[in-house]
There are 2 protein chains.
Amino acid sequence: MTYRAPVEDYNFLFDHVVGLEGLRATQRFEDASADVTHAILTELGKLCEEKIAPLQRNGDLNGAYLENGVVRTSPGFHEGFKAIAEGGWVGISADPEYGGMGLPMALTAAVTDMMSASCLSLQLAPMLTQGQIEALEHHASDELKALYLPKLISGEWTGTMNLTEPHAGSDVGALSSKAEDNGDGTYAVSGQKIFITWGDHDFGGNVCHLVLARLPDATPGVRGISLFMVPKLLPDADGNPGERNGVSVVSLEHKMGIHGSPTCVMQFDSSKGWLVGKKEGGMAAMFTMMNNARMGVGGQGIGVADAAYQHALAYAQERKQGKTPENAEGTIIGHADVRRMLATMKADIFAARAIAVSNAVAIDMATATGDKAWKARAALLTPITKAFGTDTGVAVAEMGVQIHGGMGFIEETGAAQFSRDVRITPIYEGTNGIQAMDLVARKMMDGGEAAFALLDEVEEDVERARDVFPRMARDVWESCESMREATEWLVSQEDMQNRFAGAVPFLRAFARVLGGHLHLKAALADRGGAREKLARFYIQRLLPEHASLLTHAQAGAEDLYALTADDLAV
Amino acid sequence: MTYRAPVEDYNFLFDHVVGLEGLRATQRFEDASADVTHAILTELGKLCEEKIAPLQRNGDLNGAYLENGVVRTSPGFHEGFKAIAEGGWVGISADPEYGGMGLPMALTAAVTDMMSASCLSLQLAPMLTQGQIEALEHHASDELKALYLPKLISGEWTGTMNLTEPHAGSDVGALSSKAEDNGDGTYAVSGQKIFITWGDHDFGGNVCHLVLARLPDATPGVRGISLFMVPKLLPDADGNPGERNGVSVVSLEHKMGIHGSPTCVMQFDSSKGWLVGKKEGGMAAMFTMMNNARMGVGGQGIGVADAAYQHALAYAQERKQGKTPENAEGTIIGHADVRRMLATMKADIFAARAIAVSNAVAIDMATATGDKAWKARAALLTPITKAFGTDTGVAVAEMGVQIHGGMGFIEETGAAQFSRDVRITPIYEGTNGIQAMDLVARKMMDGGEAAFALLDEVEEDVERARDVFPRMARDVWESCESMREATEWLVSQEDMQNRFAGAVPFLRAFARVLGGHLHLKAALADRGGAREKLARFYIQRLLPEHASLLTHAQAGAEDLYALTADDLAV
């Protein structure tokens with residue numbers, strides 16, 4: 001595969017659609033000038049195209065495996081990770097005090113996107129390390145920070161997150177791993193964790209596990225969970241990796257995709273650990289890490305979608321089938337339905353990417369200004385970025401297979417790999433169903449304030465587009481009004497089941513409307529150009545989906561629960 | 001996996017929704033009484049549950065492989081195929097004169113559905129044989145019929161179809177395989193064919209290849225193609241398999257799914273073949289086979305969907321995560337979004353299955369009465385059955401993975417296999433894009449007559465439901481009117497690109513409307529029961545999709561072709 005990093009797309013988004021001006025006006029991010037962001041994106045694109053993308057097939061064909069208790073990684077992955085680490089990409093948004101670059105999350109979004117497109121399996125290692133860095137920055141003691149952050153930021157060590165247990169998946173509060181106070185400032189952590197991404201590797205350095213466990217007599221449920229740092233190798237007095245901790249890899253999962261990413265069953269046997277944050281403050285710390293990871297997983301979906309799109313586009317430009325008078329060359333891109341699929345893929349990738357960047361900028365603005373409204377905006381957008389980004393990843397990879405016809409089902413072409421790899425993204429870091437529940441419940445606890453504020457802004461922008469693009473502006477404006485009405489209905493529902501019964505279509509409709517807004521802005525900045533044409537396609541053909549989604553979203557729970565488990569089994 | 005065959009669903013469809021009464025009133029099918037069809041379905045269900053379903057995982061884990069030029073099949077597949085053959089299931093709809101049961105296609109639809117649900121890889125062997133039987137019945141000489149039909153119908157021999165070549169996939173007319181007259185009533189067939197399903201096996205008997213090739217000085221393109229019967233082993237004077245023909249398997253494809261089905265690259269080197277039908281009559285004969293196969297592939301999608309649904313339902317009833325006041329037991333089926341997914345799966349399976357059965361009944365009525373209107377009805381429904389059945393297969397298997405959460409991505413649970421296996425169905429036997437083009441072009445050459453006749457019938461049925469279910473009747477009636485308007489717009493478009501640009505959403509909208517009609521009929525026959533509740537769910541939440549699809553369908557080609565290949569590459 002020849003992957004071309006979407007450097008220009010990010011430059012365009014930053015300069016014309018989402019706008020980093022506000023960010024650049026803050027003290028925190030004043031160094032992120034256009035020159036700087038352009039240069040960084042160019043460098044990133046080069047790394048991904050030249051060093052990372054060639055590893056992608058290796059990861060699938062020669063997946064990670066367990067050998068005498070040690071995870072052996074796919075050929076080239078060690079060198080690939082070294083290139084990422086040495087370029088400073090692990091710590092791109094991390095605190096400069098500990099060696100990070102302190103750049104905005106908007107750039108991290110681009111890193112996630114392009115690295116996932118190049119090699120999703122490998123990208124998970126830096127992404128989880130970034131999540132751990134952020135959790136430590138916010139919650140760890142100065143001592144732990146000083147010991148771990150420089151090594152994680154430099155990529156010398158990697159980080160994992162250990163939440164899931166066989167009977168505690170989405171329901172984290174059901175976990176039963178234990179921690180006992182050793183009386184010397186350390187804890188003995190015991191239990192089994194499953195689905196631990198990059199739980200071990202042969203890159204050298206250290207593997208740092210953040211583990212959720214319960215102290216004796218802990219409060220039941222999710223409130224009684226504490227977080228511990230449990231390194232694979234115990235740091236010696238100089239902070240270098242020393243003797244083995246009681247941490248082992250029991251087995252690796254045999255998965256549908258991302259074979260290059262070792263998914264471990266981890267065993268902790270009175271492993272030495274250090275408390276991160278307060279006792280029973282585990283969930284707060286974990287949420288920092290999870291919110292970061294949710295943004296990241298959305299970006300993974302977008303990245304794989306882009307790679308699958310480029311792959312399918314190249315095939316459609318080469319493959320000849322069925323010359324017609326309208327399509328004298330006979331390449332399949334000339335056939336209306338193939339072109340419809342390609343346009344759908346491209347239009348949805350743009351929408352998902354622009355939403356993710358908006359989300360990242362909101363996080364950055366919240367960091368830079370401390371403004372509650374930006375925090376609320378970021379919180380509102382995170383489940384949308386995650387769910388719409390990953391649904392787009394699955395749908396686009398799917399269309400990529402379809403464009404390849406029979407060849408799409410044959411593993412050699414690589415189209416199937418995108419589809420198998422990306423399939424995990426709507427599941428992990430909170431399934432997309434859980435993202436939707438988060439959106440309609442937790443993120444609407446403000447009575448819809450953040451949602452209405454966003455819709456107001458969308459409508460203001462749309463008003464400015466009316467003279468130039470009256471029809472597109474009207475369509476986006478009307479979709480925005482429908483979204484407002486649906487949101488009003490939603491927040492008026494006190495029975496949460498009524499919200500949950502339509503949560504997934506509600507979230508998707510929201511993404512559709514935001515996509516319409518962002519496409520319209522892109523069209524304004526590229527009048528008569530490719531982006532205007534893509535916006536017309538999106539607004540005419542894809543945006544209308546919001547209407548049927550909102551009908552579904554407002555159906556309430558009654559008909560759903562009328563269908564009993566017995567009815568479903570008939 | 002414990003698969004439960006949908007015997008009751010078929011009994012209900014035959015007795016109350018699609019109605020075999022008309023069929024039973026014909027001389028041709030007067031023996032297919034309710035007692036007979038019930039008994040056959042029960043027998044079929046037993047075979048699928050007990051003998052076939054246990055083979056499904058084997059096929060995935062121990063796929064077919066090539067050993068010294070011979071295809072070795074998955075463990076248990078030979079015994080499975082024998083059970084199918086001995087039960088008479090290969091020849092269920094075949095001509096009794098040659099040993100077939102002569103039963104309606106409506107029953108074959110049930111066979112395809114249940115066998116595909118049990119083991120898609122194995123089911124392909126009888127399905128392709130059935131297609132070959134039908135092609136021979138319609139087009140072969142009496143001599144060929146007498147020699148081949150009894151052996152194919154009994155399952156002693158199997159059949160394949162050889163169309164595709166590396167540069168001739170959807171564009172069959174581009175094929176370059178050659179046939180030369182040997183002057184003794186036989187032909188020498190040479191060429192390479194790819195994607196040949198069950199191109200070889202180790203079941204014994206014979207493998208009979210129907211091969212498309214060109215005679216010398218043939219008319220260019222699709223009109224110049226002839227069809228040949230090329231057996232792996234040349235029948236001797238008694239009709240028993242004799243010496244080897246020049247037919248060999250070059251390699252097997254490494255596929256995303258259906259590992260148990262050997263997908264062969266076949267080489268024909270001056271292989272001895274017999275002309276089937278007239279010279280240059282290959283496409284007509286092949287279409288008989290393909291139409292049968294298109295119905296069949298739609299049924300495959302429905303079958304796998306049902307198996308994936310049952311698998312996910314069982315998991316949702318067992319898996320405990322997140323007790324709430326509304327869901328005291330905490331099984332995930334109690335969560336609104338999981339229930340929404342299950343209800344969607346079940347409602348769409350019913351819609352797709354009922355459409356397929358309507359299609360089969362139309363074929364049967366055409367066979368029994370010779371009535372052109374029934375033929376046109378069957379022709380209209382075939383692309384809808386194929387595309388909606390297989391899209392439902394993919395979407396339902398996808399939701400099955402999602403309901404399993406992280407476990408869905410782990411191969412051991414089997415949820416992923418359904419998703420990988422069924423992925424081929426929207427591609428082979430004409431991609432779903434090609435089905436949609438067939439619907440909006442070839443099947444509308446009558447100016448929409450068959451489509452309008454069907455919509456008229458739907459509206460008559462809906463009128464009869466108004467008193468009982470006023471709201472549901474109104475919704476289905478309105479969707480039907482929208483469909484009528486869209487069809488009127490469609491047939492008025494002389495520029496075919498305008499039709500093609502929205503063909504896929506047009507087809508899907510048609511399926512949605514027909515699904516509404518069939519659900520409504522089911523509700524009438526089960527007032528207050530599970531089927532009424534499912535109909536309410538479908539009509540309230542899934543049917544509304546038709547509106548946004550029809551907006552898309554009527555957008556025309558202008559905006560699509562405005563996006564040039566260069567624009568798509570930006």
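**Two chains and the interface between them**

Across the interface of chain B and chain A, 47 residue pairs are in polar contact, both residues at pLDDT 80 or more (a pair of N or O atoms within 3.5 Å; within protein, one must be able to donate a hydrogen and the other to accept it, and residues adjacent in sequence count only if both atoms are side-chain atoms). The model is predicted, so local features need pLDDT of at least 70 and side-chain atom pairs count only at pLDDT 80 or more, while totals for chains, interfaces and linings use all residues. Residues are numbered from 1 along each chain as its sequence is written, chains are lettered from A in the order in which they are written, and side-chain values use heavy atoms, with hydrogens and water left out.

The rule also finds 6 salt bridges across this interface (a side-chain nitrogen of Lys or Arg within 4 Å of a carboxyl oxygen of Asp or Glu). One salt bridge joins A:Glu398 to B:Arg423, with 2.6 Å between the closest N and O atoms.

In terms of contact (heavy atoms within 4.5 Å), 85 residues of chain B meet 85 residues of chain A. Among the residues of chain B, B:Phe409, B:Arg541 and B:Leu568 lose the most area to chain A, together 12% of what that side buries (the accessible area, with a 1.4 Å probe, that two parts lose on being put together, summed over both).

How are the two copies related?
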